[in-house]
Amino acid sequence: MSNTRYGLGGLLALALMAESGAASANGRYPPAANDIVFNRADPNHMLLRTTFGFLQTRDGGENWDWICERGTGNPDNLAYDPPIALMGDGTAVISVTFGGARTSGDFCNWAPPPFALSDKLVVDSTWIPNDPAGALLLTSNWSEFGYVNVIWTTRDNARTWLPKNVQGDPRAFMHTVEVAPSNTSRIYVTGSYYRPTGDSGLSERVGQFLRSNDGGVTWTTFDLQLPGNGPAGLNDASAFISGIDPTNADRVYLRVAHRNDPKADGASPTTLRVTHDGGATWHDVFSTDSACFGEFPGMLGFALSPDGRTIVLGGQFGIYSGPAPTPASPNVQFTKISDVKNRCLRWASSGIYACGQQPEDPFTLARSTDGARTFKALLRREDDVCPLSCPSGSPVQNTCPGAWNNASIPSLSISYLISANETCCGAASTQTSCRWPSGPTYGGGDVGATCPSSGPSQGCGSSAATATIAGCSMRNAGFAAPGLLGVVGGLMLAWRRRRRRRSNSGTGVSAR
(Lines give C-alpha, C1' and ligand atoms only; values in the text may rest on other atoms or scores of the structure.)
Protein backbone atom coordinates (compact mmCIF):
# COMPACT_ATOMS: atom_id res chain seq x y z
CA MET A 1 0.00 0.00 0.00
CA SER A 2 1.31 3.37 -0.92
CA ASN A 3 0.45 5.09 2.35
CA THR A 4 3.38 3.37 4.06
CA ARG A 5 4.73 1.11 1.42
CA TYR A 6 8.02 2.75 0.53
CA GLY A 7 10.72 4.63 2.26
CA LEU A 8 11.67 7.53 0.02
CA GLY A 9 15.12 6.03 -0.42
CA GLY A 10 13.53 2.90 -1.84
CA LEU A 11 11.77 4.99 -4.46
CA LEU A 12 15.03 6.77 -5.28
CA ALA A 13 16.72 3.42 -5.76
CA LEU A 14 13.88 2.29 -8.01
CA ALA A 15 14.21 5.44 -10.12
CA LEU A 16 17.94 4.89 -10.36
CA MET A 17 17.29 1.36 -11.51
CA ALA A 18 14.70 2.42 -14.07
CA GLU A 19 16.55 5.37 -15.53
CA SER A 20 20.24 4.59 -15.17
CA GLY A 21 20.51 0.82 -14.92
CA ALA A 22 22.24 1.06 -11.53
CA ALA A 23 22.50 -1.87 -9.14
CA SER A 24 23.51 -2.54 -5.55
CA ALA A 25 24.20 -5.59 -3.45
CA ASN A 26 21.95 -8.20 -1.87
CA GLY A 27 21.86 -8.11 1.91
CA ARG A 28 22.78 -4.45 2.12
CA TYR A 29 23.85 -3.03 5.44
CA PRO A 30 22.47 -2.01 7.85
CA PRO A 31 19.66 -4.59 7.99
CA ALA A 32 16.29 -2.87 8.00
CA ALA A 33 12.59 -3.42 7.34
CA ASN A 34 10.81 -0.88 5.16
CA ASP A 35 7.32 -2.23 4.41
CA ILE A 36 4.73 -4.62 5.79
CA VAL A 37 1.49 -5.83 4.20
CA PHE A 38 -1.38 -7.90 5.62
CA ASN A 39 -3.69 -10.61 4.38
CA ARG A 40 -7.10 -8.99 4.75
CA ALA A 41 -8.76 -12.37 5.19
CA ASP A 42 -6.26 -13.43 7.88
CA PRO A 43 -4.76 -10.64 10.05
CA ASN A 44 -2.16 -13.07 11.47
CA HIS A 45 -0.65 -13.48 8.01
CA MET A 46 1.92 -10.74 7.28
CA LEU A 47 4.66 -10.20 4.71
CA LEU A 48 7.63 -8.01 5.61
CA ARG A 49 10.08 -6.51 3.12
CA THR A 50 13.63 -5.99 4.36
CA THR A 51 17.03 -5.11 2.98
CA PHE A 52 18.11 -8.73 3.48
CA GLY A 53 15.17 -10.57 1.85
CA PHE A 54 11.51 -11.23 2.62
CA LEU A 55 9.94 -12.46 5.87
CA GLN A 56 6.55 -14.07 6.33
CA THR A 57 4.57 -14.90 9.46
CA ARG A 58 1.29 -16.79 9.71
CA ASP A 59 0.90 -16.54 13.49
CA GLY A 60 0.81 -12.80 14.09
CA GLY A 61 4.57 -12.37 14.40
CA GLU A 62 5.52 -15.20 16.77
CA ASN A 63 7.57 -16.96 14.09
CA TRP A 64 9.09 -15.62 10.87
CA ASP A 65 10.30 -17.48 7.78
CA TRP A 66 13.00 -15.87 5.63
CA ILE A 67 13.66 -16.29 1.90
CA CYS A 68 16.20 -14.56 -0.32
CA GLU A 69 15.47 -12.24 -3.23
CA ARG A 70 16.68 -14.78 -5.77
CA GLY A 71 14.14 -17.30 -4.50
CA THR A 72 11.36 -15.08 -5.91
CA GLY A 73 13.09 -14.59 -9.26
CA ASN A 74 14.83 -11.33 -8.35
CA PRO A 75 18.58 -11.04 -8.90
CA ASP A 76 20.96 -11.03 -5.95
CA ASN A 77 21.99 -7.48 -6.88
CA LEU A 78 18.48 -6.20 -6.20
CA ALA A 79 18.69 -2.43 -6.69
CA TYR A 80 15.32 -1.38 -5.33
CA ASP A 81 12.72 -2.41 -2.80
CA PRO A 82 10.06 -4.18 -4.86
CA PRO A 83 6.33 -3.68 -4.24
CA ILE A 84 4.72 -6.54 -2.30
CA ALA A 85 1.15 -7.69 -1.64
CA LEU A 86 -0.81 -10.47 0.08
CA MET A 87 -4.06 -11.79 -1.38
CA GLY A 88 -7.03 -13.12 0.56
CA ASP A 89 -6.27 -16.76 -0.23
CA GLY A 90 -2.73 -16.40 1.14
CA THR A 91 -0.99 -15.82 -2.20
CA ALA A 92 2.09 -13.60 -1.89
CA VAL A 93 2.88 -11.19 -4.74
CA ILE A 94 6.44 -9.86 -5.09
CA SER A 95 7.57 -7.72 -8.00
CA VAL A 96 10.58 -8.80 -10.03
CA THR A 97 13.11 -6.42 -11.59
CA PHE A 98 11.79 -5.78 -15.12
CA GLY A 99 9.95 -9.08 -14.83
CA GLY A 100 6.45 -8.18 -13.69
CA ALA A 101 5.47 -9.88 -10.43
CA ARG A 102 5.71 -13.48 -9.27
CA THR A 103 3.22 -15.22 -7.02
CA SER A 104 3.37 -18.03 -4.48
CA GLY A 105 0.92 -19.75 -2.19
CA ASP A 106 3.55 -21.62 -0.18
CA PHE A 107 6.49 -19.17 -0.33
CA CYS A 108 8.60 -21.95 -1.86
CA ASN A 109 7.51 -22.10 -5.51
CA TRP A 110 7.01 -18.84 -7.42
CA ALA A 111 4.85 -18.72 -10.55
CA PRO A 112 5.86 -16.35 -13.35
CA PRO A 113 3.52 -13.52 -14.44
CA PRO A 114 1.48 -13.66 -17.64
CA PHE A 115 3.53 -12.98 -20.77
CA ALA A 116 2.19 -9.44 -21.25
CA LEU A 117 3.46 -8.46 -17.79
CA SER A 118 6.70 -10.44 -17.87
CA ASP A 119 9.03 -7.63 -19.01
CA LYS A 120 7.47 -4.74 -17.05
CA LEU A 121 8.89 -2.71 -14.18
CA VAL A 122 6.31 -2.72 -11.36
CA VAL A 123 6.70 0.51 -9.43
CA ASP A 124 3.79 0.14 -7.03
CA SER A 125 0.99 -2.14 -5.86
CA THR A 126 -2.15 -1.63 -3.80
CA TRP A 127 -5.23 -3.57 -2.80
CA ILE A 128 -8.79 -3.02 -3.95
CA PRO A 129 -10.87 -2.09 -0.88
CA ASN A 130 -13.52 -4.60 0.21
CA ASP A 131 -12.14 -7.24 -2.14
CA PRO A 132 -9.51 -9.53 -0.56
CA ALA A 133 -8.98 -11.16 -3.97
CA GLY A 134 -8.39 -7.80 -5.71
CA ALA A 135 -5.24 -5.74 -6.24
CA LEU A 136 -3.59 -3.31 -8.66
CA LEU A 137 -0.06 -3.16 -10.04
CA LEU A 138 1.37 0.01 -11.61
CA THR A 139 4.07 -0.38 -14.29
CA SER A 140 6.15 2.37 -15.89
CA ASN A 141 8.46 1.48 -18.80
CA TRP A 142 10.37 3.60 -21.29
CA SER A 143 9.68 3.30 -25.01
CA GLU A 144 10.74 5.31 -28.06
CA PHE A 145 7.56 7.36 -27.65
CA GLY A 146 7.99 8.04 -23.95
CA TYR A 147 6.93 6.21 -20.82
CA VAL A 148 4.17 3.63 -21.12
CA ASN A 149 2.29 3.61 -17.84
CA VAL A 150 -0.23 0.83 -17.19
CA ILE A 151 -2.45 -0.31 -14.31
CA TRP A 152 -2.91 -4.09 -14.08
CA THR A 153 -5.96 -5.35 -12.17
CA THR A 154 -6.60 -8.75 -10.60
CA ARG A 155 -9.85 -9.92 -9.00
CA ASP A 156 -8.89 -13.58 -8.65
CA ASN A 157 -6.01 -13.60 -6.14
CA ALA A 158 -3.32 -12.66 -8.72
CA ARG A 159 -4.05 -15.50 -11.12
CA THR A 160 -4.89 -13.16 -14.02
CA TRP A 161 -4.15 -9.48 -14.67
CA LEU A 162 -6.03 -7.07 -16.98
CA PRO A 163 -4.24 -3.89 -18.23
CA LYS A 164 -5.53 -0.31 -18.58
CA ASN A 165 -3.35 2.55 -19.82
CA VAL A 166 -2.72 5.57 -17.60
CA GLN A 167 -3.27 8.60 -19.82
CA GLY A 168 -0.68 10.99 -18.42
CA ASP A 169 2.19 12.93 -19.95
CA PRO A 170 4.45 10.43 -21.81
CA ARG A 171 7.48 12.14 -20.26
CA ALA A 172 6.32 11.16 -16.77
CA PHE A 173 7.76 8.22 -14.84
CA MET A 174 5.02 7.05 -12.46
CA HIS A 175 5.51 6.43 -8.74
CA THR A 176 2.36 5.44 -6.85
CA VAL A 177 -1.22 4.20 -7.29
CA GLU A 178 -4.12 4.09 -4.82
CA VAL A 179 -7.84 3.23 -4.80
CA ALA A 180 -10.38 5.19 -2.76
CA PRO A 181 -11.91 2.99 0.00
CA SER A 182 -15.32 4.65 -0.31
CA ASN A 183 -15.45 4.43 -4.12
CA THR A 184 -13.42 1.71 -5.82
CA SER A 185 -13.97 3.30 -9.24
CA ARG A 186 -11.85 6.25 -8.06
CA ILE A 187 -8.15 5.61 -8.76
CA TYR A 188 -5.26 8.03 -8.22
CA VAL A 189 -1.72 7.91 -9.68
CA THR A 190 1.33 10.17 -9.23
CA GLY A 191 4.41 10.66 -11.38
CA SER A 192 7.03 13.28 -12.30
CA TYR A 193 8.95 14.57 -15.30
CA TYR A 194 11.23 17.41 -16.46
CA ARG A 195 9.75 20.28 -18.48
CA PRO A 196 11.99 22.68 -20.46
CA THR A 197 11.96 26.31 -19.29
CA GLY A 198 12.32 28.59 -22.30
CA ASP A 199 15.37 28.40 -24.57
CA SER A 200 17.96 28.27 -21.79
CA GLY A 201 18.45 24.51 -22.03
CA LEU A 202 17.31 24.14 -18.42
CA SER A 203 14.30 22.28 -17.12
CA GLU A 204 12.04 22.29 -14.09
CA ARG A 205 10.80 19.27 -12.20
CA VAL A 206 7.02 18.85 -12.47
CA GLY A 207 4.81 16.46 -10.56
CA GLN A 208 1.74 14.82 -12.03
CA PHE A 209 -1.41 13.83 -10.17
CA LEU A 210 -3.93 11.77 -12.13
CA ARG A 211 -7.51 10.91 -11.21
CA SER A 212 -9.85 8.37 -12.76
CA ASN A 213 -13.53 8.28 -11.84
CA ASP A 214 -14.33 5.16 -13.89
CA GLY A 215 -11.83 2.53 -12.80
CA GLY A 216 -9.00 3.63 -15.07
CA VAL A 217 -10.84 4.07 -18.38
CA THR A 218 -10.46 7.87 -18.55
CA TRP A 219 -8.17 10.23 -16.63
CA THR A 220 -7.98 13.84 -15.48
CA THR A 221 -4.42 15.15 -15.07
CA PHE A 222 -3.16 17.90 -12.75
CA ASP A 223 0.37 19.28 -12.61
CA LEU A 224 1.88 19.54 -9.13
CA GLN A 225 4.26 22.30 -8.13
CA LEU A 226 7.32 20.77 -6.51
CA PRO A 227 9.65 22.54 -4.06
CA GLY A 228 13.03 23.94 -5.00
CA ASN A 229 12.82 23.68 -8.76
CA GLY A 230 16.11 24.52 -10.41
CA PRO A 231 18.34 23.31 -13.25
CA ALA A 232 17.63 19.74 -14.25
CA GLY A 233 19.66 17.30 -12.22
CA LEU A 234 19.82 19.64 -9.23
CA ASN A 235 16.27 18.99 -8.13
CA ASP A 236 14.63 15.58 -7.99
CA ALA A 237 11.56 16.33 -5.89
CA SER A 238 8.75 13.79 -6.24
CA ALA A 239 5.25 13.24 -4.85
CA PHE A 240 3.90 9.95 -3.50
CA ILE A 241 0.35 9.07 -2.49
CA SER A 242 0.31 8.31 1.21
CA GLY A 243 -3.37 7.74 1.91
CA ILE A 244 -7.00 8.41 1.02
CA ASP A 245 -9.70 9.27 3.52
CA PRO A 246 -11.82 6.10 4.07
CA THR A 247 -15.10 8.03 3.84
CA ASN A 248 -14.24 10.82 1.39
CA ALA A 249 -12.81 9.81 -2.00
CA ASP A 250 -11.84 13.45 -2.73
CA ARG A 251 -9.48 13.74 0.27
CA VAL A 252 -6.00 12.49 -0.61
CA TYR A 253 -2.65 12.86 1.16
CA LEU A 254 0.70 13.24 -0.60
CA ARG A 255 4.22 13.09 0.73
CA VAL A 256 6.43 15.42 -1.33
CA ALA A 257 10.14 14.65 -1.04
CA HIS A 258 12.07 17.88 -1.63
CA ARG A 259 15.13 16.13 -3.00
CA ASN A 260 16.84 12.77 -3.21
CA ASP A 261 20.02 12.96 -1.20
CA PRO A 262 22.61 10.29 -2.08
CA LYS A 263 24.33 10.38 1.29
CA ALA A 264 21.67 8.45 3.21
CA ASP A 265 18.20 7.02 3.11
CA GLY A 266 15.69 9.38 4.69
CA ALA A 267 17.77 12.53 4.20
CA SER A 268 15.20 14.44 2.14
CA PRO A 269 12.95 16.99 3.84
CA THR A 270 9.33 16.12 3.19
CA THR A 271 6.06 18.06 3.03
CA LEU A 272 2.68 16.46 3.67
CA ARG A 273 -0.07 17.87 1.42
CA VAL A 274 -3.81 17.27 1.29
CA THR A 275 -6.50 17.86 -1.31
CA HIS A 276 -10.20 17.99 -0.50
CA ASP A 277 -11.36 18.20 -4.11
CA GLY A 278 -9.74 15.24 -5.84
CA GLY A 279 -6.50 16.97 -6.81
CA ALA A 280 -7.63 20.37 -8.12
CA THR A 281 -6.17 22.30 -5.15
CA TRP A 282 -3.65 21.41 -2.43
CA HIS A 283 -2.80 22.58 1.08
CA ASP A 284 0.44 21.99 3.02
CA VAL A 285 -0.25 20.25 6.32
CA PHE A 286 3.18 19.43 7.79
CA SER A 287 6.81 19.87 6.75
CA THR A 288 10.13 18.52 8.02
CA ASP A 289 12.16 21.18 6.17
CA SER A 290 13.69 22.54 9.36
CA ALA A 291 17.00 22.04 11.14
CA CYS A 292 15.26 20.75 14.25
CA PHE A 293 14.33 17.54 12.43
CA GLY A 294 18.00 16.63 12.34
CA GLU A 295 20.22 15.19 9.63
CA PHE A 296 17.56 12.76 8.38
CA PRO A 297 14.26 14.66 8.06
CA GLY A 298 12.69 12.29 5.52
CA MET A 299 9.07 11.42 6.32
CA LEU A 300 9.39 7.65 5.83
CA GLY A 301 6.15 6.72 7.57
CA PHE A 302 2.53 7.87 7.27
CA ALA A 303 -0.56 6.15 8.63
CA LEU A 304 -4.20 7.16 8.63
CA SER A 305 -6.56 5.77 11.26
CA PRO A 306 -9.33 3.43 10.04
CA ASP A 307 -11.91 6.18 10.59
CA GLY A 308 -9.76 8.78 8.83
CA ARG A 309 -9.73 11.17 11.77
CA THR A 310 -6.15 10.80 13.00
CA ILE A 311 -2.76 10.96 11.27
CA VAL A 312 0.53 9.58 12.53
CA LEU A 313 3.72 10.26 10.62
CA GLY A 314 7.37 9.71 11.29
CA GLY A 315 10.93 8.95 10.33
CA GLN A 316 14.33 9.07 11.98
CA PHE A 317 13.08 12.17 13.83
CA GLY A 318 10.42 10.24 15.77
CA ILE A 319 6.63 10.08 15.49
CA TYR A 320 4.09 12.90 15.36
CA SER A 321 0.31 12.72 15.59
CA GLY A 322 -2.49 15.12 14.76
CA PRO A 323 -6.10 15.36 13.62
CA ALA A 324 -6.93 15.02 9.95
CA PRO A 325 -7.49 18.43 8.30
CA THR A 326 -10.86 19.42 6.87
CA PRO A 327 -11.88 22.33 4.62
CA ALA A 328 -13.34 24.02 7.69
CA SER A 329 -10.18 23.38 9.76
CA PRO A 330 -7.27 23.18 7.28
CA ASN A 331 -4.52 24.14 9.74
CA VAL A 332 -4.02 21.39 12.29
CA GLN A 333 -1.52 21.00 15.10
CA PHE A 334 0.80 17.98 15.21
CA THR A 335 2.39 16.83 18.46
CA LYS A 336 5.47 14.70 18.91
CA ILE A 337 4.31 11.59 20.76
CA SER A 338 7.36 9.31 20.51
CA ASP A 339 11.09 9.37 19.83
CA VAL A 340 10.89 5.92 18.25
CA LYS A 341 12.65 6.03 14.90
CA ASN A 342 10.88 4.29 12.04
CA ARG A 343 11.13 3.49 8.34
CA CYS A 344 7.45 2.74 7.78
CA LEU A 345 4.16 3.06 9.66
CA ARG A 346 1.08 0.94 9.04
CA TRP A 347 -2.25 1.28 10.86
CA ALA A 348 -4.05 -2.07 11.00
CA SER A 349 -6.91 -3.44 13.10
CA SER A 350 -4.40 -4.93 15.56
CA GLY A 351 -2.42 -1.72 16.05
CA ILE A 352 0.14 0.57 14.45
CA TYR A 353 3.20 -1.19 13.04
CA ALA A 354 6.62 0.45 12.69
CA CYS A 355 9.59 -0.75 10.65
CA GLY A 356 13.04 -0.34 12.17
CA GLN A 357 16.70 -0.47 11.24
CA GLN A 358 19.08 -2.38 13.45
CA PRO A 359 21.41 -1.98 15.26
CA GLU A 360 20.45 1.72 15.37
CA ASP A 361 16.85 0.91 16.35
CA PRO A 362 15.87 -1.62 19.03
CA PHE A 363 13.65 -3.60 16.66
CA THR A 364 13.16 -4.60 13.04
CA LEU A 365 9.36 -4.58 13.46
CA ALA A 366 7.30 -3.33 16.39
CA ARG A 367 3.63 -2.78 17.17
CA SER A 368 1.79 -0.15 19.18
CA THR A 369 -1.67 -0.57 20.65
CA ASP A 370 -1.88 2.94 22.15
CA GLY A 371 -1.76 5.17 19.09
CA ALA A 372 2.03 5.03 18.51
CA ARG A 373 2.99 6.28 21.96
CA THR A 374 4.68 3.04 22.99
CA PHE A 375 5.86 0.06 20.97
CA LYS A 376 6.60 -3.58 21.66
CA ALA A 377 9.03 -5.45 19.43
CA LEU A 378 7.60 -8.23 17.27
CA LEU A 379 10.85 -8.90 15.48
CA ARG A 380 14.49 -8.36 16.25
CA ARG A 381 17.31 -9.56 14.16
CA GLU A 382 18.61 -12.46 16.24
CA ASP A 383 17.09 -15.86 16.99
CA ASP A 384 13.55 -15.31 15.74
CA VAL A 385 14.36 -15.26 12.00
CA CYS A 386 14.64 -18.72 10.44
CA PRO A 387 15.32 -19.69 6.82
CA LEU A 388 12.26 -21.31 5.29
CA SER A 389 12.61 -25.04 4.72
CA CYS A 390 11.24 -25.93 1.27
CA PRO A 391 11.05 -29.18 -0.70
CA SER A 392 14.14 -30.17 -2.63
CA GLY A 393 14.06 -28.74 -6.14
CA SER A 394 11.96 -25.70 -5.30
CA PRO A 395 13.41 -22.30 -6.30
CA VAL A 396 13.82 -21.24 -2.68
CA GLN A 397 15.56 -24.45 -1.60
CA ASN A 398 17.83 -24.30 -4.64
CA THR A 399 19.02 -20.75 -4.02
CA CYS A 400 18.45 -19.39 -0.51
CA PRO A 401 20.51 -21.73 1.75
CA GLY A 402 23.68 -20.50 0.07
CA ALA A 403 22.78 -16.88 0.81
CA TRP A 404 21.84 -17.67 4.42
CA ASN A 405 25.02 -19.60 5.19
CA ASN A 406 27.85 -18.64 2.85
CA ALA A 407 30.38 -21.37 3.59
CA SER A 408 33.13 -19.83 1.46
CA ILE A 409 32.79 -16.27 2.82
CA PRO A 410 30.82 -16.43 6.10
CA SER A 411 31.02 -12.67 6.61
CA LEU A 412 28.88 -12.22 3.48
CA SER A 413 26.12 -14.55 4.65
CA ILE A 414 22.69 -13.26 5.67
CA SER A 415 22.92 -15.10 8.98
CA TYR A 416 26.06 -13.12 9.77
CA LEU A 417 24.52 -9.85 8.59
CA ILE A 418 21.57 -10.16 10.97
CA SER A 419 23.43 -12.20 13.63
CA ALA A 420 20.79 -14.93 13.44
CA ASN A 421 21.22 -18.16 15.38
CA GLU A 422 19.72 -21.19 13.65
CA THR A 423 19.84 -23.24 16.85
CA CYS A 424 16.91 -21.17 18.12
CA CYS A 425 14.70 -21.87 15.11
CA GLY A 426 11.80 -24.30 15.07
CA ALA A 427 11.23 -26.50 18.11
CA ALA A 428 14.38 -25.18 19.79
CA SER A 429 12.78 -21.74 20.08
CA THR A 430 11.04 -22.88 23.29
CA GLN A 431 14.35 -23.42 25.06
CA THR A 432 15.22 -21.00 27.84
CA SER A 433 18.43 -19.94 26.09
CA CYS A 434 16.37 -18.85 23.08
CA ARG A 435 13.82 -16.75 24.92
CA TRP A 436 14.08 -12.99 24.63
CA PRO A 437 14.90 -11.10 27.84
CA SER A 438 13.19 -7.81 28.60
CA GLY A 439 14.91 -4.95 26.83
CA PRO A 440 15.42 -1.29 27.76
CA THR A 441 12.84 1.43 27.51
CA TYR A 442 13.08 3.54 24.40
CA GLY A 443 12.03 7.14 24.09
CA GLY A 444 12.31 10.55 25.67
CA GLY A 445 15.13 12.99 25.04
CA ASP A 446 15.05 16.34 23.32
CA VAL A 447 16.18 16.71 19.72
CA GLY A 448 17.44 20.14 20.67
CA ALA A 449 16.20 23.03 18.57
CA THR A 450 13.43 25.57 18.55
CA CYS A 451 10.73 25.11 15.93
CA PRO A 452 7.53 27.00 15.11
CA SER A 453 4.59 26.02 17.29
CA SER A 454 2.15 26.21 14.41
CA GLY A 455 1.98 25.98 10.64
CA PRO A 456 3.19 23.18 8.37
CA SER A 457 6.63 23.04 10.05
CA GLN A 458 5.68 22.30 13.63
CA GLY A 459 7.42 21.59 16.87
CA CYS A 460 10.33 19.28 17.54
CA GLY A 461 9.65 19.31 21.26
CA SER A 462 9.91 15.93 22.93
CA SER A 463 7.43 14.13 25.14
CA ALA A 464 7.90 11.22 27.45
CA ALA A 465 7.65 8.13 25.26
CA THR A 466 8.41 4.60 26.36
CA ALA A 467 8.67 1.48 24.26
CA THR A 468 8.72 -1.88 25.97
CA ILE A 469 11.17 -3.96 24.00
CA ALA A 470 10.83 -7.70 24.55
CA GLY A 471 12.91 -10.17 22.61
CA CYS A 472 16.26 -11.88 22.06
CA SER A 473 19.52 -10.38 23.17
CA MET A 474 21.55 -9.58 20.09
CA ARG A 475 25.20 -9.66 19.16
CA ASN A 476 26.76 -6.82 17.25
CA ALA A 477 27.20 -7.66 13.60
CA GLY A 478 30.77 -6.42 13.94
CA PHE A 479 31.21 -5.13 10.41
CA ALA A 480 30.13 -2.42 8.07
CA ALA A 481 29.91 -2.03 4.31
CA PRO A 482 32.98 -0.03 3.25
CA GLY A 483 32.43 2.04 0.18
CA LEU A 484 28.64 1.65 0.12
CA LEU A 485 27.91 5.36 0.46
CA GLY A 486 30.52 6.12 -2.16
CA VAL A 487 28.85 3.69 -4.54
CA VAL A 488 25.43 5.25 -3.91
CA GLY A 489 26.87 8.73 -4.39
CA GLY A 490 28.46 7.68 -7.67
CA LEU A 491 25.19 6.22 -8.89
CA MET A 492 23.40 9.42 -7.99
CA LEU A 493 25.91 11.55 -9.89
CA ALA A 494 25.56 9.31 -12.93
CA TRP A 495 21.80 9.59 -12.71
CA ARG A 496 22.02 13.39 -12.54
CA ARG A 497 24.31 13.52 -15.56
CA ARG A 498 21.78 11.47 -17.50
CA ARG A 499 19.06 13.85 -16.34
CA ARG A 500 21.03 16.86 -17.59
CA ARG A 501 21.65 15.24 -20.97
CA ARG A 502 17.98 14.33 -21.19
CA SER A 503 16.90 17.90 -20.40
CA ASN A 504 19.44 19.52 -22.72
CA SER A 505 18.69 17.25 -25.64
CA GLY A 506 14.96 16.89 -25.11
CA THR A 507 15.22 13.11 -25.56
CA GLY A 508 14.32 10.32 -23.18
CA VAL A 509 16.60 7.83 -21.48
CA SER A 510 15.89 4.22 -22.22
CA ALA A 511 15.39 2.09 -19.12
CA ARG A 512 17.64 -0.92 -18.91
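1. Aspartate 89 is partly exposed, at 38% relative accessibility. For these labels, buried means under 20% relative accessible area, exposed means over 50%, and partly exposed lies in between (1.4 Å probe, protein chains only). The model is predicted, so local features need pLDDT of at least 70 and side-chain atom pairs count only at pLDDT 80 or more, while totals for chains, interfaces and linings use all residues. Residues are numbered from 1 along each chain as its sequence is written, and side-chain values use heavy atoms, with hydrogens and water left out.

2. How many salt bridges does a search of the whole structure find? It finds 11. A salt bridge here is a side-chain nitrogen of Lys or Arg within 4 Å of a carboxyl oxygen of Asp or Glu. Selected pairs follow.

3. Aspartate 89 pairs with arginine 159 in a salt bridge, at 3.1 Å from N to O. The two sit in distant parts of the chain, 70 residues apart. Arginine 159 is in the loop between strand S10 (146–154) and strand S11 (162–165). Aspartate 89 is in the loop between strand S5 (84–86) and strand S6 (92–95). Helices (H or I, at least four residues) and strands (E, at least two) are DSSP runs, numbered from the N terminus. Arginine 159 is exposed, with 54% relative accessible area.

4. Arginine 155 makes a salt bridge to aspartate 131, with 2.8 Å between the closest N and O atoms. This pair also links distant parts of the chain, 24 residues apart. Arginine 155 lies in the loop between S10 and S11. Aspartate 131 lies in the loop between strand S8 (122–127) and strand S9 (135–143).

5. Aspartate 284 and arginine 273 meet in a salt bridge at 3.3 Å, N to O. Here both partners sit in strands: aspartate 284 in S19 (residues 283–287) and arginine 273 in S18 (residues 270–275). They are 11 residues apart. Aspartate 284 is partly exposed, at 33% relative accessible area. Arginine 273 is buried, at 12%. Elsewhere, salt bridges that share partners join Arg195, Glu204 and Asp223 into one network.

6. The search for disulfides finds three in the whole structure. A disulfide is a pair of cysteine sulfur atoms within 2.5 Å.

7. Cysteine 68 and cysteine 400 form one of these, with sulfur atoms 2.2 Å apart. The angle about the S-S bond is -85°, and the link is left-handed. Which parts of the chain does the pair link? Cysteine 68 is in the loop between strand S4 (64–67) and S5, and cysteine 400 is in helix H2 (residues 395–404). They are 332 residues apart.

8. Cysteine 108 and cysteine 390 form a disulfide with sulfur atoms 1.9 Å apart. Why is this disulfide left-handed? Because its torsion about the S-S bond is about -85°. Cysteine 108 lies in the loop between strand S7 (101–104) and S8, and cysteine 390 in the loop between strand S28 (385–387) and H2, so the pair ties together parts 282 residues apart in sequence. Cysteine 108 counts as buried at 5% relative accessibility. Cysteine 390 counts as buried at 8%.

9. Cysteine 344 and cysteine 355 form a disulfide with sulfur atoms 2.0 Å apart. This link is right-handed, with 55° about the S-S bond. Cysteine 344 is in strand S24 (residues 344–348) and cysteine 355 in strand S25 (residues 351–355), so the parts tied together are 11 residues apart in sequence. Cysteine 344 is buried at 0% relative accessibility. Cysteine 355 is buried, also at 0%.

10. Back to H2. Which residues of H2 are buried? They are Val396, Thr399, Cys400, Ala403 and Trp404. These residues lie on the same side of H2, because they cover an arc of only 130° around the axis. The arc is that of the directions from the helix axis to the C-beta atoms. What covers the buried residues of H2? The cover includes S4, S28 and helix H3 (414–417). Contact means heavy atoms within 4.5 Å.
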